[in-house]
Amino acid sequence: MDTDYIIVGAGSAGCVLANRLSENGKHRVTVLEAGGSDARFYVHLPLGYGKLFYDPAVNWMYQTEPDPGLMGQRDYWPRGKILGGSSSINAMVYIRGHRDDYEEWGAENPGWGWPEVLSAFKAMEHTEAGGDDWRGTGGPLFISENRKGLHPLVSDYIAACGEAGLAYNADFNGGEQEGAGTYQLTVKGARRNSAARAFLHPAMRRKNLQVITGAHVMRVIIEGGRAVGVEYRRGGEVMTLRCRAEVILSGGAINSPQLLQLSGVGPGAVLQAAGVPVLVDNPNVGDHLNDHQGLNYTWKMKVPTYNGILRPWWGKLLVGLQYVFTGGGPLAKSINHGGGFFKTSPELDRPNMQLYMQAFSTLIPKDGERPLLTPDPFQGLSLGLSNCRPTSRGHIRIGSPDPFVHPVITANAYSTNHDVEEMLLACKFLRTIAAQPSFARLIEEELRPGPKVVTDDEVVTDFRRRSGTVYHPSCTCRMGPSPDSSVVDARLRVHGVSGLRVIDASSFPNLMAGNTNGPAMMMGWKGAELVLADAR
């Protein structure tokens with residue numbers, strides 16, 4: 001018995017758990033992270049995440065199976081393999097989700113309705129604009145309002161949205177989500193404010209917290225129906241770590257169900273086919289995979305965009321000096337300056353689509369990276385969108401007992417008529433925004449998909465060909481009252497195994513509207529409260 005709590009994965013939820021479980025000094029906590037340190041230049045440079053997009057040193061670099069919904073293409077799924085997990089390589093947009101999303105959570109899972117979740121968000125946050133009925137201050141997670149240094153085209157975008165019937169919204173995390181505006185970011189002092197920076201590094205000064213990097217957990221050790229430890233490989237050596245209290249999986253929507261299946265908890269037929277002994281036959285482990293799908297429409301502009309300053313060498317030098325000496329400029333922000341949420345039909349009770357406004361374009365690929373720092377050689381602008389509550393479902397399955405073999409990811413994008421029909425309407429709305437006076441006067445021509453894509457069938461074919469994940473896979477170890485439909489209960493305990501929890505985005509009961517990094521950290525915050533309450 002080497003420790004009290006084992007946390008597998010130092011990602012968005014795992015970092016929060018490590019901080020909160022070690023805070024009172026009563027428990028010894030050990031975090032095992034397969035990746036390495038986050039002390040990397042491009043991790044902390046906000047716009048540097050394009051350099052991490054295909055970097056195997058910090059990225060699991062998953063691929064899905066060929067997807068009929070994407071014209072038979074494999075989708076690329078980057079996930080963080082580093083302290084901070086995907087919060088160390090993401091686009092830093094901070095969105096909580098719509099309050100009714102959480103009311104749906106709470107309907108099946110006591111304690112997870114909007115009032116309880118709001119309380120956790122407010123306690124966790126330090127919002128730059130200050131606290132109110134909706135927002136918190138004094139928490140460890142600083143959130144930038146992202147009001148200064150925006151590209152001038154952001155105001156034109158907001159004006160065009162207003163002309164298209166989508167009003168300005170000053171805070172998507174406030175009383176209402178619908179509208180157009182600017183995105184809040186997990187950026188602090190011109191540096192990425194990942195979960196590792198906000199939660200883990202301050203806690204690592206404590207003697208009762210140990211963080212072991214380069215530790216790839218191979219299986220959970222389950223004896224007599226109870227999780228008692230893990231087996232992991234580090235530096236070519238296989239080691240065992242046992243615990244007195246609990247094992248907590250925080251590997252995310254891919255790694256957590258994979259590890260459960262490797263440990264004998266999952267769909268019996270899948271485990272048997274992979275040669276893994278079945279300890280708990282639960283077909284929901286790895287099931288219910290839900291992810292936001294998105295794509296960009298791109299225009300060539302008559303006015304300057306970031307392309308003109310970020311592409312040439314002298315421009316890179318200029319913005320580099322601006323960042324070093326002032327902490328400002330495009331390098332200090334995300335690709336997404338503006339955005340919003342809208343309904344594809346007025347009959348809907350809440351927004352079902354999310355917008356992204358990017359004052360530059362990256363149509364021309366660059367080998368080995370997402371070319372955020374080397375955009376197209378013309379003045380380009382992109383408007384992106386993603387669906388908020390897709391009804392398509394996929395699954396994660398191990399195909400081998402080898403923990404170093406990537407699991408089989410079946411995304412099933414656009415596998416329902418609902419998802420196809422609402423994306424068609426959403427694409428039409430992007431063109432509606434672009435046709436408004438505030439935008440149309442600035443546009444030279446539509447580049448992607450281009451003016452030849454006109455009919456409904458052509459638009460659907462185009463978005464099937466060009467869509468992909470917006471990096472929000474969730475729900476593969478979903479929370480629910482019964483093992484007939486879920487993997488963990490409302491206290492995030494794995495059905496059928498004591499001493500084992502899953503606390504991360506995989507345990508979302510349903511996917512919320514918006515980016516998932518904030519909700520994943522909230523899972524860690526509330527999950528830690530449950531763990532500590534049960535330890536009394």
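1. Helices and strands here are DSSP runs, helices being H or I with at least four residues and strands E with at least two, numbered from the N terminus. The model is predicted, so to read what follows: local features need pLDDT of at least 70, side-chain atom pairs count only at pLDDT 80 or more, and totals for chains, interfaces and linings use all residues. Residues are numbered from 1 along each chain as its sequence is written, and side-chain values use heavy atoms, with hydrogens and water left out.

2. Helix α10 covers residues 313–326, 14 residues in total. From its first C-alpha to its last it reaches 20 Å, close to the 20 Å expected at 1.5 Å a residue (the expected span is 1.5 Å times one less than the number of residues). After α10 comes Gly-327, with a positive phi near 70 degrees.

3. Which residues of α10 are buried? They are Gly-315, Val-319 and Tyr-323 (buried means under 20% relative accessible area, exposed over 50%, and partly exposed in between, with a 1.4 Å probe and protein chains only). These residues cover an arc of only 70 degrees around the axis, which puts them on the same side of α10; the arc is that of the directions from the helix axis to the C-beta atoms. Trp-313, Val-324 and Phe-325 are exposed on the other side of α10. The cover over the buried residues of α10 includes α2 (41–44), β9 (191–192) and α9 (307–310).

4. In helix α4 (residues 114–124), the buried residues are Trp-114, Val-117, Leu-118, Ala-120, Phe-121 and Met-124. Seen down the axis of α4, they fall within an arc of 160 degrees, so they line one face of the helix. Among the elements covering them are α3, β5, β6 (141–143), α6 (195–203) and α14, where contact means heavy atoms within 4.5 Å.

5. Helix α14 (residues 517–534) also packs with helix α1 (residues 12–22): their axes come within 8 Å and cross at roughly 35 degrees. Axes are lines fitted to C-alpha atoms, for helices over the stretch in contact, and angles run from 0 to 180 degrees between N-to-C directions. Residues making the contact include Val-16, Leu-17 and Leu-21 of α1 and Ala-520, Gly-524 and Ala-528 of α14.

6. The whole structure holds 27 salt bridges, a salt bridge being a side-chain nitrogen of Lys or Arg within 4 Å of a carboxyl oxygen of Asp or Glu. One of them joins Glu-125 and Arg-96, whose closest N and O atoms are 2.8 Å apart. Glu-125 lies in strand β5 (residues 125–127) and Arg-96 in the loop between β4 (76–77) and α3 (99–108), so the pair ties together parts 29 residues apart in sequence. Glu-125 is buried at 0% relative accessible area, and Arg-96 is buried at 0% as well.

7. Glu-104 and Arg-350 form another salt bridge, at 2.4 Å from N to O. Glu-104 is in helix α3 and Arg-350 in the loop between β17 (338–342) and β18 (353–358), so this pair ties together parts 246 residues apart in sequence. Glu-104 is partly exposed at 37% relative accessibility, whereas Arg-350 is buried at 10%. Both belong to a network of salt bridges that links Asp-101, Glu-104, Asp-349, Arg-350 and Arg-389.
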